[in-house]
Protein chains: 2
Amino acid sequence: MNRGIHIGMAERELETPVLVVDIDAMERNLARMMETLADSGLNLRPHLKTAKSPALAWKMIDAGAIGVCCAKLSEAEVMANAGIGDILLTSEVAGAGKFERLVALARRLPGFKAVVDSEHAIDGIAALAVQQGVTVNLLIEIDVNTGRSGVTSAADALRLANHIRDTAGVQLVGLHGYAGHAQIRPAEDREVLNPEAMEVLKEAVDVLEEHNHELTYLSGGGTGSSAIDAEAGVLNEVQAGSFLLMDTAYRDAGAPFENALSCLTTVISRPNETRAVCDAGQKTLSRDGGTPEVTGRSGVTYLRGSDEHGNLEVDPAALEAPLNVGDVVRVLPSHVCTTVNLHDVMVGVRDGIVEAIWPIEARGHVW
Amino acid sequence: MNRGIHIGMAERELETPVLVVDIDAMERNLARMMETLADSGLNLRPHLKTAKSPALAWKMIDAGAIGVCCAKLSEAEVMANAGIGDILLTSEVAGAGKFERLVALARRLPGFKAVVDSEHAIDGIAALAVQQGVTVNLLIEIDVNTGRSGVTSAADALRLANHIRDTAGVQLVGLHGYAGHAQIRPAEDREVLNPEAMEVLKEAVDVLEEHNHELTYLSGGGTGSSAIDAEAGVLNEVQAGSFLLMDTAYRDAGAPFENALSCLTTVISRPNETRAVCDAGQKTLSRDGGTPEVTGRSGVTYLRGSDEHGNLEVDPAALEAPLNVGDVVRVLPSHVCTTVNLHDVMVGVRDGIVEAIWPIEARGHVW
């Protein structure tokens with residue numbers, strides 16, 4: 001058990017490996033996003049699959065976010081328990097237990113909304129909702145060329161919308177069209193893929209509105225597309241999540257936010273001149289988004305994470321100071337979502353001093 | 001919160017995604033390993049970075065394992081709290097907090113042992129040990145061509161061994177030489193790489209014994225090499241961990257154990273004829289060891305995990321029955337260690353009935 005973290009301690013005294021958040025950088029990221037969206041006339045509905053922390057969710061709501069997105073029921077339950085009322089569940093669910101939990105959330109939170117893309121889910125949710133005397137708010141998910149979930153045509157969207165209208169216990173409140181394939185990409189790709197994605201969403205909007213379906217929430221967008229999400233004139237809210245803490249994949253794709261999140265790790269082995277091993281492997285720093293990156297120290301490269309070992313390459317000629325066993329190295333995650341998911345807490349630091357300890361309360365709930 | 005798991009329920013009623021263990025297969029894996037090692041005259045010291053569960057650790061000890069390995073202090077602390085006394089910590093540690101926790105474990109458990117590969121760690125541990133009136137058991141880690149941690153020559157090993165002999169508060173009890181590079185490989189590679197690795201370890205053993213260092217524990221080996229770990233005549237204990245639950249990477253490398261671990265996941269979206277999405281993405285099934293694999297259902301392939309979505313490819317012609325939203329599909333993990341680390345519990349099943357619920361108590365402790 002790490003017993004050492006407390007407010008007011010020096011960052012350099014933290015036991016490693018540990019995720020630290022540069023609070024100043026995080027606050028600048030949030031201010032920048034709020035400004036961008038205000039200029040565009042879009043709302044922010046941050047996706048909490050990234051930070052998984054009610055404390056950070058509240059920071060974004062306090063800054064003007066109209067609500068939040070959650071990727072799964074367990075996340076939504078954590079956020080509901082933390083007093084957050086306007087939650088959009090962005091993944092479909094299926095199975096009796098899941099429908100029950102979803103309807104239970106709808107009973108607790110009038111602002112709860114969930115995406116659907118099948119009659120199966122609509123009927124499963126509606127049957128329980130009627131029993132319990134609640135009406136569940138639904139958004140139909142449109143596959144905007146991402147090739148994952150969501151209906152694949154405006155005709156399918158209309159079929160589901162009509163089905164929802166004909167079904168007691170559920171009501172259609174909007175469409176969900178997340179262009180996941182168009183986020184972590186170079187600007188030139190994003191500028192082509194996002195408008196194309198919004199075309200697909202627009203077609204569904206048009207067809208549904210022709211048939212008198214009222215669409216209050218047109219939800220999509222993300223960190224990568226946030227600067228251009230307004231251009232197509234379709235969305236009214238943006239689901240960005242990574243912008244707050246950031247990672248190297250989004251930085252390399254040109255997202256205009258700072259790397260606020262890093263991992264401190266200690267050198268535990270220095271077998272020879274060109275090699276070192278640190279205590280942050282792939283159970284600490286995910287590598288699905290690329291290789292994590294040493295920062296603030298020349299001559300040291302993060303090569304590859306074993307389960308619990310981080311393998312570092314050392315260029316002796318480029319070292320400014322010797323790299324010794326016991327030294328602490330700072331590493332930027334390549335993918336913030338899967339990295340945060342591995343940790344129990346993030347530590348908020350300002351001017352080298354621990355100012356906040358944020359439990360990652362919604363991690364560890366697979367369901 | 002998933003409220004549904006209880007002993008005696010049917011496996012098919014489990015809420016997904018959930019890790020299930022075929023208890024019969026697991027027991028056969030354990031019996032097979034014990035037999036193999038008994039024939040070889042080697043002890044089993046299973047590595048708990050895989051199962052991370054005290055309950056499964058005790059199953060292996062009850063079957064004859066002489067002790068366990070842990071990858072980090074937090075794992076060792078969990079196992080010590082569960083009453084396990086003979087623990088080998090297989091990663092080096094550094095930093096004042098870590099040395100303190102390591103010496104605290106040594107005070108609690110006379111059978112505690114830790115690997116070192118630097119004077120820095122030896123001195124840090126020894127200083128505290130002397131203060132606290134305890135002698136800490138150390139194994140020197142030898143890099144047996146893995147290219148990670150460990151000293152890289154017998155001369156370095158001797159230097160450290162002599163240093164330990166000259167230092168109060170620590171004593172040398174053995175060598176640690178884990179051939180990590182020679183485990184998940186085709187048999188023809190393993191049969192070359194393992195003997196080469198054992199040659200390196202043997203050289204260190206010989207040099208240290210010439211200098212009258214007594215080496216009680218010669219620890220290494222793993223699931224991939226377990227059948228040939230005895231051949232070189234160097235090791236006296238094997239650190240296999242994955243054999244108990246298994247994954248597709250080890251299966252594909254020809255490890256003679258059954259895939260006892262699988263993940264049940266529900267189809268949540270069925271956008272078109274050839275695509276489906278399930279509720280097990282890469283926060284549920286790691287993909288660092290390759291792509292997880294659908295089993296028991298023809299015509300359905302696990303393509304790729306997004307964060308929370310598992311993307312399935314469907315071959316309509318090969319489907320034996322329609323694949324519908326709400327259907328449960330079984331998936332084999334590609335890498336057991338990083339997959340188990342994502343979950344709170346494993347559910348033990350026999351004959352379709354839940355027989356045990358094993359909390360993965362040592363996950364979620366990054367430190």
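Chain A has an accessible surface of about 12,600 Å², and carbon and sulfur atoms hold 48% of that; such areas come from the Shrake-Rupley method with a 1.4 Å probe, and for residues only the protein chains shown count as cover. Keep in mind that this is a predicted model, where local features need pLDDT of at least 70, side-chain atom pairs count only at pLDDT 80 or more, and totals for chains, interfaces and linings use all residues. Residues are numbered from 1 along each chain as its sequence is written, chains are lettered from A and ligands numbered from 1 in the order in which they are written, and side-chain values use heavy atoms, leaving out hydrogens and water.

**Chain A as a whole**

- You'll find nine helices and 17 strands in chain A, where helices (H or I, at least four residues) and strands (E, at least two) are DSSP runs numbered from the N terminus.
- Chain A has a radius of gyration of 22 Å, close to the 21 Å from the globule rule for 367 residues, so it is as compact as a globular protein of that length. That radius is taken over C-alpha atoms, and the rule is 2.2 Å times the number of residues to the power 0.38.
- Along the principal axes, the C-alpha atoms of chain A fill a box of roughly 70 × 45 × 35 Å.
- Of the 367 residues in chain A, 62% are buried. Buried means under 20% relative accessible area, exposed means over 50%, and partly exposed is in between (1.4 Å probe, protein chains only).
- Among the chain A contacts with a separation of 6 or more, 69% are between residues 24 or more positions apart; a contact means heavy atoms within 4.5 Å.

**How the two copies relate**

- A:T16 and A:P17 are joined by a cis peptide bond, with omega about -5 degrees, and A:P17 sits in the segment before β1 (18–22) of chain A.
- Chain B has a cis bond from B:T16 to B:P17, with omega near -5 degrees; B:P17 is in the segment before β1 (18–22) of chain B.
- B:K52 is not a glycine, yet its phi is positive, near 55 degrees. Look for B:K52 in the loop between β2 (43–44) and α2 (54–62) of chain B, where it counts as buried at 0% relative accessibility.
- B:N212 isn't a glycine either, and its phi is positive at about 65 degrees. B:N212 lies in the loop between α7 (187–210) and β8 (217–220) of chain B and counts as exposed, at 64% relative accessibility.

**Two buried residues to look up**

- A:T90 is in the loop between β4 (87–89) and α4 (96–108) of chain A, and it is buried with a relative accessible area of 7%.
- Leaving out residues up to four places away in sequence, A:T90 touches several partners, including A:H47, A:C69, A:H176 and A:Q239.
- B:V170 belongs to strand β7 (residues 170–177) of chain B and is buried at 6% relative accessibility.
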